[in-house]
Amino acid sequence: KLFHNGHNATVILFVGTILLTGANKFLCFRAQSWLTNHKIRKNNLNYLSLTVIMATNPFRYHGSSKLPPSSSIVAESPRLRTQLLGVISSSITFILLYSLRWASRDTDPPIHMESTLLRGEIKKKSYFPVYRSSISDVEPTLHGILRKDVPSIISSVWNPSQCAVLGLAYGYGLWTFRDFVGSLRATGYNGYIILGISPNPGEDVLDYLEHQNVTVKYVEMANRCTYNGTIGYDGRVINTKDWNCAKKYPDYKITWGRFKLYEDWLKEEVGVTDGIMLTDVRDAYFQRDPFVAAVELDMQHPLMLFEEHPDMKNTHWLTDIPVSSCKKYKVGETQVLCSGSVMGSREGILGYIETMVEEFDLWKTQQNCRIDMPGDDQSIHNYLYYTNRFKNATTIPHRTGPIHVVGYQASLIWNEAEAEGKAKNITVWEVDSYYVRNDKWQDWLPGEHGLIDPTTGLIVNLDGSPSPQVHQVDRFGSLNRQWLRKMNELGWPYNTIPSPSKANSSLLT
């Protein structure tokens with residue numbers, strides 16, 4: 001626990017060897033000096049035995065004029081020599097094996113499965129120009145350690161008509177559903193879309209969801225959360241007046257309770273037998289069918305967790321504060337995994353939900369685990385993965401799979417735009433598309449960021465293909481506002497591979 005990574009094992013071995021060797025030399029030197037002072041010659045057959053006895057019993061003989069009995073020397077010499085060689089060889093073997101164990105471990109707690117790139121052999125598409133030479137630019141490793149224990153891929157190909165996208169969309173207006181549902185259906189996806197909404201939505205929302213063949217689940221909120229009034233981790237009464245809890249599950253803040261709702265909905269929809277996505281709704285839209293993409297990318301794993309930007313680590317307060325308080329544990333410099341975007345098989349997702357809920361039940365009953373924040377489901381999500389609690393979990397590296405969590409980079413770009421606008425006395429939020437020039441609404445971000453295809457405005461993965469789902473898009477502020485409006489007006493025309501004539505039509509320009 002004193003040393004945090006395997007590289008220090010080399011230092012430990014080196015320093016330990018020096019110290020042990022030095023101690024051995026010192027004790028043997030003192031023993032030999034004592035023997036010399038007592039005029040015992042080096043060619044004496046008992047010289048080595050005397051050295052061994054005195055070096056291994058420094059407190060008994062050193063500083064004393066008492067010589068070990070000659071009888072014991074003669075009797076013990078062969079046995080001592082054999083034991084000495086055995087101890088030395090065993091110690092060296094133990095030190096080497098233990099050091100190799102340390103050197104081969106990850107910098108963090110045991111990891112269940114690798115960040116899957118399948119040796120970098122992701123099938124490339126030629127939809128758009130490639131911003132990077134190859135997806136293999138990203139190493140198929142997890143935190144620098146190449147692993148071979150990639151979880152098995154689901155043997156049967158996912159049929160999108162038997163897949164499901166689930167989300168909680170309580171209280172949202174029509175525009176949110178047009179972005180989320182409209183973009184997904186425009187990819188050609190014909191499977192289940194299961195959304196939890198408020199019991200009293202607007203007629204426009206109901207009509208739209210019915211037209212898009214969305215399975216609606218009405219979610220009624222409790223008058224108050226029964227989690228309310230308990231003492232929190234910092235010793236103060238938790239004020240949950242701004243919290244929401246489902247009436248069916250009032251003991252769970254809504255960010256926890258949604259997992260219970262997802263479980264109920266999946267058990268009700270027996271036709272959902274293949275791939276499943278659990279996702280946030282308000283800040284996400286689609287550009288390709290995520291289940292078709294998973295098949296094309298050989299990413300049909302039982303449980304897929306998606307990495308955020310490489311600069312996002314679990315030393316961030318969102319993970320560190322709750323986990324440190326509840327578990328007295330540091331997840332450390334590990335990659336943040338987004339709890340708002342999860343995919344897998346039916347069995348894998350139900351197992352994931354079960355594990356999450358088990359942990360929720362533990363956290364809400366312990367004072368040091370009652371955290372006064374709604375987003376600690378992500379803290380728990382990361383803690384469970386990095387302590388090997390999820391079964392058959394695979395992490396998908398950033399910008400390589402069916403889900404692209406864009407929030408970190410989007411925030412940086414937005415902050416940069418705001419600072420630039422402030423220098424020009426421009427309130428960027430009031431501008432629909434700050435970076436658009438010459439009415440080219442598709443080119444809504446500077447090319448230096450390498451995030452979009454400038455001819456379509458679609459956000460792309462590292463290999464240049466459209467990211468099937470883009471999550472945390474609200475972090476772009478108003479930069480993509482005009483693009484989203486145009487895409488909705490035109491019916492998301494770039495969400496399927498367009499023919500050359502359609503791509504060049506005057507309608508899209």
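Predicted model: local features only at pLDDT ≥ 70, side-chain atom pairs only at ≥ 80, totals over all residues.
A salt bridge is taken here as a side-chain nitrogen of Lys or Arg within 4 Å of a carboxyl oxygen of Asp or Glu.

Arg236 is exposed, at 59% relative accessible area. Asp234 is partly exposed, at 36%.

A salt bridge also links Lys330 to Asp320, with 3.1 Å between the closest N and O atoms. Lys330 sits in the loop between H9 and strand E7 (337-345), whereas Asp320 belongs to helix H9, so the contact ties together parts 10 residues apart in sequence. Lys330 is exposed, with a relative accessible area of 52%. Asp320 is buried, because its relative accessible area of 18% is under the 20% cut-off.

Asp432 and Arg481 form a further salt bridge, and here the closest N and O atoms lie 3.3 Å apart. This pair connects distant parts of the chain, 49 residues apart. Asp432 is in the loop between helix H12 (407-423) and strand E10 (469-471), and Arg481 is in helix H13 (residues 481-490). Asp432 is partly exposed, with a relative accessible area of 28%. Arg481 is likewise partly exposed, at 28%. Elsewhere, salt bridges link Lys217, Glu268 and Glu269 in a network.

Glu203, Asp204, Asp207 and Glu210 make up a negative patch. Of its members, Asp204 is found in helix H6 (residues 203-211). Asp204 counts as partly exposed because its relative accessibility is 41%, between the 20% and 50% cut-offs. The other patch is nonpolar and covers about 300 Å². Tyr233, Trp317 and Ile321 contribute to this nonpolar surface. Trp317 lies in helix H9 (residues 317-327). The relative accessible area of Trp317 is 49%, so this residue is partly exposed.

Strand E8 (residues 393-396) presents a buried setting. Ala393 and Thr395 point one way from the strand, Thr394 and Ile396 point the other way, and all are buried. E8 pairs with strand E6 (residues 303-307) in the parallel sense, over 4 bridges. Within this pairing, Leu303 has Ala393 of E8 as its bridge partner.

Key:
Residues numbered from 1 in each chain as written. Heavy atoms only, no water. Patch = residues over 30% accessible without salt bridge, like charges linked within 9 Å, V, L, I, M, F, W, Y side chains within 5 Å. Areas by Shrake-Rupley, 256 points an atom, 1.4 Å probe, with all protein chains shown as cover. Lys, Arg positive; Asp, Glu negative; His and termini not counted. Charge placed at Lys NZ, Arg CZ, Asp CG, Glu CD. Helix = DSSP H or I, 4+ residues; strand = E, 2+ residues; numbered from the N terminus. Buried < 20%, exposed > 50% of the residue type's maximum accessible area, 1.4 Å probe, protein only. Pairing = 2+ DSSP bridges.
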